[in-house]
Amino acid sequence: MEVKNCKNCGRLYNYIGGVYRLCPECMRKLEEKFQEVKDYIEDNPRADMREISENCDVSTRQIEQWIREERLSFSDDSPIGIACEVCGATIRTGRYCERCKNDLANRLGGMYGSRSSTVDADKIRERREKARMRFLDK
Ligand SMILES: [Zn+2]
Ligand SMILES: [Zn+2]
């Protein structure tokens, strides 16, 4: 088992994986904080990032992390937005805006397509080779 220092309190603990490098005690506190933030947003749907951060005593970076993990959601009139990781457009949850999400999906599809066209190019070359051989046989 791997032993690490907790990023928050510095205590040694048995690391079991995950993005948060926190000891079980700090992890539990963070979960409590998450519930607090979630409740606060439900009660104050129009609160902005700084207000939530100040009232719940949690960093804006932590709030942003929860948004990226799609654990927090906001109503349409909420002033909260985070930047799309590709184009910087304002989004309310996740990592990419709708347009970039589609773009990324298309690009993945394109990669697949170009791979099959390489296969086609190989087939054409092979056919040409055969044609040349027939010519030499004559
Ligand atoms: Zn800790
Ligand atoms: Zn985008």
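Predicted model: local features only at pLDDT ≥ 70, side-chain atom pairs only at ≥ 80, totals over all residues.
For comparison, the ideal angle for four tetrahedral donors at a metal is 109.5 degrees. Two of the donor residues can be described by their accessibility. C6 has a relative accessible area of 4% and is therefore buried. C9 has a relative accessibility of 39%, so it counts as partly exposed.

The zinc ion (ligand 2) is coordinated at 2.3 Å by the SG atoms of C84, C87, C97 and C100. The spacing of its donor residues in sequence is C-x2-C-x9-C-x2-C. Within this site, the pair C87 and C100 links distant parts of the chain. C87 belongs to the loop between strand 3 (82–83) and strand 4 (90–91), whereas C100 belongs to helix 4 (residues 98–137), and the two are 13 residues apart. The angles subtended by the 4 donor atoms run from 103 to 117°, so the arrangement around the zinc ion (ligand 2) is also tetrahedral. Accessibility was computed for several of these cysteines. C84 is buried, because its relative accessibility is 4%. C100 is likewise buried, with a relative accessible area of 5%. C87, in turn, is partly exposed at 38% relative accessibility.

A disulfide is a covalent bond between the sulfur atoms of two cysteines. A search of the whole structure for such bonds finds 0 disulfides.

Strand 1 (residues 2–5) and strand 2 are paired in the antiparallel sense, over 4 bridges. In this pairing, N5 is placed opposite L12 of strand 2. The two strands form a hairpin, and 6 residues lie between them. One residue of the turn, G10, has a positive phi of about 85°.

The largest nonpolar core contains 28 residues. The residues with the most contacts inside this core are V37, I52, I63, W66, I67, L72 and F74. Strand 2 (12–15), helix 1 (24–43), helix 2 and helix 3 are the elements that give two or more residues to the core. Helix 1 makes the greatest contribution, with 6 residues. In soluble globular proteins, nonpolar side chains tend to be buried together. The surroundings of one core residue can be given in detail. Apart from its neighbours within four places in sequence, I63 is in contact with M49, I52, S53, V58 and L72.

S53, one of the contacts of I63, is located in helix 2 (residues 49–56). The relative accessible area of S53 is 16%, and the residue is therefore buried. Beyond its neighbours within four places in sequence, S53 is in contact with V58, S59, T60 and I63.

Positive phi values also occur in residues other than glycine. D57 is not a glycine, yet it has a positive phi of about 55°. D57 is situated in the loop between helix 2 and helix 3 (60–68). With a relative accessible area of 62%, D57 is exposed. E70 is another residue other than glycine with a positive phi, here near 60°. E70 is part of the loop between helix 3 and strand 3. Its relative accessibility is 55%, so E70 counts as exposed.

R95 lies in the loop that runs between strand 4 and helix 4. At a relative accessibility of 42%, R95 counts as partly exposed. R95 and R68 are 27 residues apart in sequence, but their C-alpha atoms are 5.5 Å apart in space. When neighbours within four places in sequence are left aside, R95 is in contact with R68, A83, C84 and E85.

Methods
Residues numbered from 1 in each chain as written. Chains lettered and ligands numbered in written order. Heavy atoms only, no water. Buried < 20%, exposed > 50% of the residue type's maximum accessible area, 1.4 Å probe, protein only. Contact = heavy atoms within 4.5 Å. Donors = N, O, S within 2.8 Å, 3.2 Å for Na, K, Ca; no water. Tetrahedral: all angles 85-135°; square planar, octahedral: opposite > 155°, others 65-115°. Core = buried A, V, L, I, M, F, W, Y, C linked by side-chain atoms within 4.5 Å. Pairing = 2+ DSSP bridges. Disulfide = S-S within 2.5 Å.
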